Structure formats: structure tokens, C-alpha cells
Amino acid sequence: MELTNKELKQIVGGAVTAAFINAIARGINTFLDLGRSVGTAIRRIGTGKICSL
């Protein structure tokens with residue numbers, strides 16, 4: 001069975017793949033880690049407990 005160009009243009013599809021879900025989860029984790037790091041840095045600056053280099 002062969003599809004014509006008109007029929008091919010009407011195909012709608014796409015599924016949420018495991019790779020897509022994994023990428024979204026990894027992005028959320030990265031965003032949370034970034035927020036945690038910034039929050040820790042702000043807290044350490046506020047309390048004055050910063051290690052000198």
C-alpha cells in the first residue's frame with residue numbers, strides 16, 4: 001500500500017517517548033539543583049560563613 005502526497009500530509013501523530021520524558025525530568029532536576037545552589041550561596045553570604053580562597 002502506497003500513500004499519496006495528499007494522504008501523507010494528513011497524517012497526524014507523534015507520541016511522548018521515554019527519551020522525551022527523560023529529557024524533561026533531567027531539565028527539571030537541573031533547574032532545581034541550580035536553585036538550591038543559588039539559595040545556599042545567598043544564605044552563606046547573608047550569614048557571613050564564606051570560606052576564603
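**Close-up views of helix α2**

**View 1. Helix α2 along its length.** Helix α2 has 30 residues and reaches 43 Å from its first C-alpha to its last, close to the 44 Å expected at 1.5 Å a residue, where the expected span is 1.5 Å times one less than the number of residues. Helices here are DSSP runs (H or I, at least four residues), numbered from the N terminus. This is a predicted model, in which local features need pLDDT of at least 70 and side-chain atom pairs count only at pLDDT 80 or more, while totals for chains, interfaces and linings use all residues. Residues are numbered from 1 along each chain as its sequence is written, and side-chain values use heavy atoms, with hydrogens and water left out.

**View 2. The salt bridge between Asp33 and Arg36.** The structure holds one salt bridge, a term for a side-chain nitrogen of Lys or Arg within 4 Å of a carboxyl oxygen of Asp or Glu. The closest N and O atoms of Asp33 and Arg36 are 2.8 Å apart, and the two residues, three apart in helix α2, are separated by about one helical turn. Asp33 is partly exposed at 40% relative accessible area, whereas Arg36 is exposed at 52% (buried is under 20%, exposed over 50%, partly exposed in between, with a 1.4 Å probe and protein chains only).

View 3. Arg44 lies in helix α2 and is partly exposed, with a relative accessible area of 34%. Leaving aside neighbours within four places in sequence, Arg44 is in contact (heavy atoms within 4.5 Å) with Lys49, Ile50 and Cys51. Helix α2 is followed by Gly48, whose phi is positive, near 80°.
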